[in-house]
Amino acid sequence: MPKTPKKVLEKLHQLLDRSYSPYSGFAVAAVVKSGSGRLYGGVNVENAAYPLSRCAEQSATLQMVSAGEREVLEVWVLSRGKQPATPCGGCRQVLSEFAHPNVPVHCLSADGPELHTTLGELLPHAFNKQYLQQDQT
């Protein structure tokens with residue numbers, strides 16, 4: 001089982017306390033490692049108009065893109081609870097825009113259990129830019 005680097009784990013726990021989740025009460029933090037090796041973090045940010053809420057994985061990816069990077073090499077997600085939470089379907093799709101299917105995704109629970117998988121296992125038939133680049137004739 002892969003061991004989460006201490007630096008990543010500390011960042012995740014720090015971020016988890018920053019989650020804005022007054023409606024669900026379900027705090028989530030995420031860290032993505034970019035192609036440069038830099039770590040970008042995010043938290044879930046809820047909104048009274050639920051569709052406007054953003055997940056932690058999206059927040060972390062948006063931070064990375066805002067910094068000018070375009071490649072995700074690894075993903076960590078931390079939540080509270082007895083089992084680790086995996087990225088939702090929307091987050092899987094957002095991650096697939098910047099990550100290859102073999103990118104490791106580590107889902108951690110503050111209570112201990114972990115799930116280690118890949119983006120391709122979480123989203124086996126992702127819609128990607130190849131579909132948009134088909135010959136239109």
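Helices here are DSSP runs of H or I with at least four residues, numbered from the N terminus. With that in mind, and remembering that this is a predicted model, begin by selecting threonine 4, which lies in the segment before H1. Threonine 4 is buried, its relative accessible area being 9%, where under 20% counts as buried. If neighbours within four places in sequence are set aside, the residues in contact with threonine 4 are Leu9, Trp76 and Leu108.

Next, select helix H1, residues 6-16, and colour its buried residues, which are Val8, Leu12, Leu15 and Leu16. These four lie on the same side of H1, because the arc they cover around the axis is only 100 degrees. An α-helix has 3.6 residues a turn, so residues three or four places apart point the same way. Turn to the other side of H1, and there you will find Lys6 and Lys7 exposed.

Finally, select helix H2 (residues 56-66) together with helix H3 (residues 89-98), whose axes come within 9 Å and cross at roughly 25 degrees. Since angles under 35 degrees count as roughly parallel, H2 is therefore roughly parallel to H3, and the crossing of the two is left-handed. To see the contact itself, show Glu57, Gln58, Thr61, Met64 and Val65 of H2, which meet Gly90, Cys91, Val94, Leu95 and Phe98 of H3. Sorted by class, this contact of H2 with H3 has six nonpolar, three polar and one charged residues.

Methods: Residues numbered from 1 in each chain as written. Predicted model: local features only at pLDDT ≥ 70, side-chain atom pairs only at ≥ 80, totals over all residues. Heavy atoms only, no water. Axes fitted to C-alpha atoms, helices over the stretch in contact; angles between N-to-C directions. Parallel < 35°, antiparallel > 145°, perpendicular 65-115°, else oblique. Left-handed = near helix turned anticlockwise from the far one by under 90°. Contact = heavy atoms within 4.5 Å. Nonpolar A, V, L, I, M, F, W, Y, C, P; charged D, E, K, R; others polar. Buried < 20%, exposed > 50% of the residue type's maximum accessible area, 1.4 Å probe, protein only. Arc of directions from axis to C-beta.
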